[in-house]
Every structure is written in C-alpha cells, then in structure tokens.
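Dear colleague,

Please find below the structure that I am handing over to you, with its sequence. My notes on what was found in it follow directly after.

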Amino acid sequence: MPRLAAPLGSLAVVGAAFAYVAAVDPNEPGHYPACPFLTVTGLYCPGCGGLRSAHAVAHGDLGAALSANALAVLLLAGLAVGWLHWTSRAVRARAYSFPVRLRAWHWWAAGGALVAFTVVRNTPLGTALIP
C-alpha cells in the first residue's frame, strides 16, 4: 500500500534510532557527546536526560524514563499518538489532518511550559527533575 509508505518509513527510522539508543547505553560515559549547554553554563537544558529517558523507554522502564526527563516522555507519548492518528488516516485513505487546529497561544503555552520546566529543574525545588 503506497499510502502507508510514509508512516511505515517514519516508524522504521524512529525504530532504528531507538534500537541504537537501546543498544548503546547513554548512562556509560564516552558513547555520546556531552550537552553543550550544560558544559558551557552548568545548567540543565530541557533536553538533558533525553537520551537516558529514551534508553529507559526502549527497555520498558517508565519510572527511570520519567526520572531522567519527564518532558521527553510526554513528547514521546504525544509523537506516538500522532503517529497512530496519521497511520489510521492512511489506512482509511483519508488525508492527514492534525487533530487540533494549532493557534498562536498553543505555541506560546508550549514555549512557556518549556521555559518553566527548564527553570524549575535548575532550582532547589526541581531536584526531582534533574537527570
């Protein structure tokens, strides 16, 4: 089915990336480069712990994934739901349409949540969010 080529191709690429992260443990030093933001500033960026989180998800350890980077887990879950929606529309031969019409305030809210997550994880109140 040619209409499933894009969703299945995307799944293959993401699956290969997850297989690599599952096989090459980011918890062991020397396998991946250090976060440049953390190296320069000493502060955790919103992505810090994302590879460890993906590694834990690939091994089925949701608790470790959430403790490494809760925001990354939420993003992965959202991407999975989006992929399922995309694939179900392709199976039914319907054009893909995003389930929610994104407006400017959605982007502002997402940016605000990202900034808040970054600030909180770098304060004493957010020690649980530190990877």
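This is a predicted model: local features need pLDDT of at least 70, side-chain atom pairs count only at pLDDT 80 or more; totals for chains, interfaces and linings use all residues.

**Findings**

P124 is exposed, with a relative accessible area of 73%; here exposed means over 50% relative accessible area, buried under 20%, and partly exposed in between, computed with a 1.4 Å probe on protein chains only. This residue, P124, belongs to the segment that follows α5 (104–121).

Residues are numbered from 1 along each chain as its sequence is written, and side-chain values use heavy atoms, with hydrogens and water left out.

**Overall architecture**

The protein chain has five helices and zero strands, and its elements run α-α-α-α-α from the N terminus on. Helices (H or I, at least four residues) and strands (E, at least two) are DSSP runs, numbered from the N terminus. The C-alpha trace spans about 50 × 40 × 25 Å along its principal axes. Of the 131 residues in the chain, 20% are buried. Among contacts (heavy atoms within 4.5 Å) with a separation of 6 or more, 52% are between residues 24 or more positions apart.

**The segment after α5**

N122 also lies in the segment after α5. N122 counts as partly exposed because its relative accessible area is 27%. Leaving aside neighbours within four places in sequence, N122 is in contact with L43 and Y44. The side chain of N122 reaches the backbone nitrogen of Y44 at 2.8 Å. N122 and Y44 are 78 residues apart in sequence, yet their C-alpha atoms are 6.4 Å apart in space.

**Helix α3**

Which residues of α3 are buried? They are G50, S53, A54, H55 and A56, and the buried residues of this helix pack against α1 and α4 (62–91). S53, which lies in α3, is buried, with a relative accessible area of 0%. Beyond its neighbours within four places in sequence, S53 is in contact with A65, A68, N69, A72 and V73. Just after α3, G60 takes a positive phi of about 75 degrees.

**The second largest pocket**

Rolling a probe the size of a water molecule over the atoms shows where empty space is left. A pocket is taken on a 1 Å grid over the protein atoms alone, as an open set of points where a 1.4 Å probe fits, with protein on both sides within 12 Å along at least five of seven lines; lining residues have an atom within 4 Å of a point. The second largest pocket has a volume of about 330 Å³; grid points are joined across faces, edges and corners, and a volume is the space filled by probe spheres set on the points.

This pocket is lined by 19 residues, of which P33, A34, C35, L51 and R52 lie nearest its centre. The elements that give two or more residues to the lining are α2 (36–41) and α3 (50–58). The largest share, three residues, comes from α3. The lining divides into eleven nonpolar, six polar and two charged residues; Ala, Val, Leu, Ile, Met, Phe, Trp, Tyr, Cys and Pro count as nonpolar, Asp, Glu, Lys and Arg as charged, and the others, Gly among them, as polar.

**Cysteines**

A disulfide is a pair of cysteine sulfur atoms within 2.5 Å, and by this rule the count comes to zero. C35 is in no disulfide, the nearest cysteine sulfur being that of C48, 3.6 Å away. C48 counts as buried, at 6% relative accessibility.

**The loop between α1 and α2**

E28 lies in the loop between α1 (5–23) and α2. Is E28 buried, exposed or partly exposed? E28 is partly exposed, with a relative accessible area of 44%. The side chain of E28 makes a polar contact with the side chain of H31 (3.3 Å). A polar contact is a pair of N or O atoms within 3.5 Å; within protein, one must be able to donate a hydrogen and the other to accept it, and residues adjacent in sequence count only if both atoms are side-chain atoms. E28 and A128 are 100 residues apart in sequence and 21 Å apart in space, C-alpha to C-alpha.

With kind regards
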